[in-house]
Amino acid sequence: MQVFKGVLLASGETTDITVEGSQVTKVGKTTESGLDCPGLMALPGFVDLHTHLRQPGYEASETVLSGSRSGAAGGYTALFAMANSDPVADTASVVEQVMKLGEEAGLLEVRPIGAVTKGLAGTELSALGLMANSKAKVKVFSDDGHCVHDPLVMQRALTYVKGLGAVIAQHAQEPRLTEGSQMNSGELSTELGLKGWPSVAEESIIARDALLAEQVGARLHICHLTTAGAVDVVRWAKARGIQITAEVTPHHLMLTEDLVRSYDPVYKVNPPLRRTEDTLALREGLIDGTIDIIGTDHAPHSSEKKDCEWEQAAFGMVGLEHAASVAQEVLIESGASDWKRFTEVMSSKPAEIGSLEGHGTIAEGQPANLVLLDPAASRTVTAVTHSLSHNNPFAGRELKGRVVHTVFRGKFSVKDGKVKNA
Amino acid sequence: MKHLTSIRELDTGSAIAILDNADELGAVNSREVKKLPALRGKTVVNLFYENSTRTRISFEIAAKRLSADVINFAAATSSVSKGESLKDTAQTLEALGADAIVIRHPMSGAAQTLATKGWISGSVVNAGDGSHEHPTQALLDALTIRQIKKSGDDLAGIKVLIVGDIQHSRVARSNVLLLSLLGAEVTLAGPETLLPKTFAAMGCKISHSFEEALAEKPDVVMMLRVQRERMQGTFFPSEREYAAKWSLSGERFKMLGNQTIILHPGPMNRGFEISNEAADDPRSAVLTQVRNGLSVRMAVLYKLMAGEG
């Protein structure tokens with residue numbers, strides 16, 4: 001038995017949490033002694049609907065184990081692993097392999113995402129049903145990194161996946177409008193001579209897919225929103241009653257295109273960093289519920305992929321170990337929202353979108369998947385984390401909030417800031 | 001000052017100092033013995049990832065006139081084609097004794113990356129990076145205008161019109177920054193697809209009519225080449241239509257004032273963006289640009305490599 005004494009819940013209540021075996025058995029004051037947790041928030045373990053674990057295929061950048069360690073350190077108890085591995089997760093055997101690697105690591109729940117199309121090529125449907133029926137029980141499908149741009153393929157996929165009770169997570173990027181694109185399109189891309197990535201390339205796909213989802217009555221999730229216009233389109237679609245959910249990354253909430261002036265590829269990401277007014281619209285959308293969740297789009301890359309010319313460099317940033325601090329900055333430190341909303345965007349809503357049970361709540365009789373964090377602590381983000389890759393655009397920044405303990409199925413995956421060895 | 005990768009690194013004073021120095025050093029080029037000992041014992045490497053005989057030769061002669069040793073490294077035909085990275089190539093060249101690397105690269109930002117990543121300790125001169133900048137070209141253009149217009153230190157009040165494929169032009173970007181830094185009024189003109197309105201933020205005016213822009217009586221008209229090699233897809237219907245609207249020829253050529261300077265960074269496409277009539281007119285300063293390119297590059301290499309002290 002483990003008792004967390006004097007923890008602060010998102011509701012503002014101070015209480016004790018009793019964990020027995022893998023379950024929470026009591027949320028409430030108890031006379032049992034246990035671990036004193038003064039000043040620590042107890043929240044449901046975080047759930048990331050958008051992680052690149054890079055295994056199989058790119059083990060120099062990340063493995064399921066190293067990504068699990070990074071996730072646990074960031075307070076996560078579940079990660080959804082994107083399908084753009086090598087081989088692509090477009091068959092039952094690959095998703096089962098990823099799930100098995102996650103179980104072996106044992107630090108959090110690894111939920112494989114299946115590719116929508118074979119090889120992420122955008123033309124033929126992958127083994128959607130077989131993946132859904134496999135041991136991995138895939139509930140989220142995505143070609144992330146690529147847009148399912150063919151409207152007919154997208155319409156068929158939405159229809160088919162609806163029958164599986166699953167959801168498609170779309171990477172909204174019109175490919176023709178973004179050929180060779182390097183950064184946000186605007187005055188800065190003009191000056192820097194880098195090919196622009198117009199916001200309409202994102203917004204037009206979201207609008208199209210919202211209408212397709214409406215037509216077929218399917219659920220649709222939009223990965224990493226980045227523009228003010230995209231927030232407007234999602235807001236419109238929700239008002240219309242379309243079953244659409246949306247995600248924003250930590251970096252798009254805080255970082256802007258001005259960083260690209262350095263030509264430092266650590267700031268190169270797909271979709272690109274946008275303008276200040278976009279970050280403000282994204283924050284507003286996250287607070288008012290237009291945007292449902294924070295997904296990290298944790299995209300580790302080995303240093304060779306970033307230690308080069310901007311146009312040569314890979315797209316992507318790591319994110320698992322500072323996402324909660326960014327959420328705290330945007331929702332709590334700003335005074336704009338509260339810990340209940342924090343819990344929704346970091347845990348309960350991503351679990352709901354991904355049809356993931358046993359996460360997103362702290363309740364008696366439920367699995368003990370929780371995180372204890374010290375919101376008062378300040379820390380300087382370092383490039384070197386538990387991830388195998390160091391492409392961290394927040395390195396050197398001072399952020400509030402520190403994960404002290406992470407508990408997965410009743411056991412510490414992180415204790416006193418130290419990740420358990422698997 | 002250690003590197004020159006962007007006009008943004010200059011202020012008005014340092015830009016004028018380079019032009020003044022170029023004027024002085026340019027005098028060497030008319031001497032019988034065209035050589036100064038300033039960079040004796042130093043090595044300059046021309047690292048060219050794009051073919052450019054003109055700029056490469058200009059840098060080569062400039063370095064030699066200052067008594068530096070010069071190595072030309074045509075990256076397109078070397079180990080780079082076997083997959084060697086810019087980092088390894090640059091470090092190899094430095095290990096071989098390069099004190100400065102003059103780099104031309106098809107990717108925007110490559111020169112700045114080479115200067116700031118900590119890969120090498122020597123100086124970096126940007127000889128053109130993608131569609132970003134070509135600072136020595138802008139300096140030689142400024143010097144040419146200053147000499148012909150006898151405008152004193154800077155270019156205050158001089159009206160410069162730059163015409164053509166602005167979108168893909170590093171020459172246009174460097175010139176907008178430098179000429180406006182020196183007080184000139186710069187107008188860019190070209191078809192909408194090759195001149196997005198976002199250029200205005202760099203401190204210039206925008207026009208989509210060559211005739212209207214000429215009616216403003218510019219003191220300088222700079223014609224740019226259409227850079228097909230940087231274009232993805234279609235930007236205008238046909239060369240014929242482009243030439244009909246944007247070539248310096250016929251009626252438009254007749255609109256130029258008696259003292260208007262005609263510039264072109266070369267290589268010219270005669271009969272396309274510029275007519276023979278314009279290219280060979282006495283008002284054309286194209287060969288003065290080439291000569292000034294030499295002096296400006298001498299001044300830049302001297303400033304970066306010999307130090308100011």
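Over all chains, a search of the whole structure finds eight aromatic pairs. Rings of Phe, Tyr and Trp (its six-membered ring) pair if their centres lie within 6.5 Å; planes under 30 degrees apart are stacked, over 60 edge-to-face, and the rest tilted.

The model is predicted: local features need pLDDT of at least 70 and side-chain atom pairs pLDDT 80 or more, while totals for chains, interfaces and linings use all residues. Residues are numbered from 1 along each chain as its sequence is written, chains are lettered from A and ligands numbered from 1 in the order in which they are written, and side-chain values use heavy atoms, with hydrogens and water left out.

**Aromatic pairs**

Select F4(A) and F412(A). This pair is edge-to-face, because the ring centres are 5.9 Å apart and the planes stand at 70°. It links distant parts of the chain, 408 residues apart: F4(A) is in strand 1 (residues 2-8) of chain A and F412(A) in strand 18 (residues 411-415) of chain A. Strands (E, at least two residues) and helices (H or I, at least four) are DSSP runs, numbered from the N terminus. F4(A) counts as buried at 1% relative accessibility, and F412(A) is buried with a relative accessible area of 16%. Buried means under 20% relative accessible area, exposed over 50%, and partly exposed in between (1.4 Å probe, protein chains only).

Next, select Y242(B) and F272(B). Their ring centres lie 5.2 Å apart with the planes at 55°, so the pair is tilted. Y242(B) belongs to helix 8 (residues 239-246) of chain B and F272(B) to the loop between strand 9 (261-263) and helix 10 (276-279) of chain B, so the pair ties together parts 30 residues apart in sequence. Y242(B) is buried, at 2% relative accessible area, as is F272(B), at 10%.

**A cluster and a charge over a ring**

Return to chain A and select F46(A), Y76(A), W339(A) and F342(A), which form one aromatic cluster. Then select K268(A), which lies over the face of F315(A), 4.6 Å from the ring centre. Such a charge has NZ of Lys or CZ of Arg within 6 Å of the ring centre and within 35 degrees of the ring normal.

**Cysteines**

Zero disulfides (pairs of cysteine sulfur atoms within 2.5 Å) are present over all chains. Select C223(A): the closest cysteine sulfur, in C147(A), is 9.9 Å from its own, too far for a bond. C223(A) is buried, with a relative accessible area of 2%.

**Helix 11 of chain B**

Finally, select residues 286-305 of chain B. The 20 residues of helix 11 should span 28 Å at 1.5 Å a residue, and the end C-alpha atoms are 28 Å apart, which agrees; the expected span is 1.5 Å times one less than the number of residues. Of these 20 residues, 15 are buried, so helix 11 of chain B is largely enclosed by the rest of the structure.
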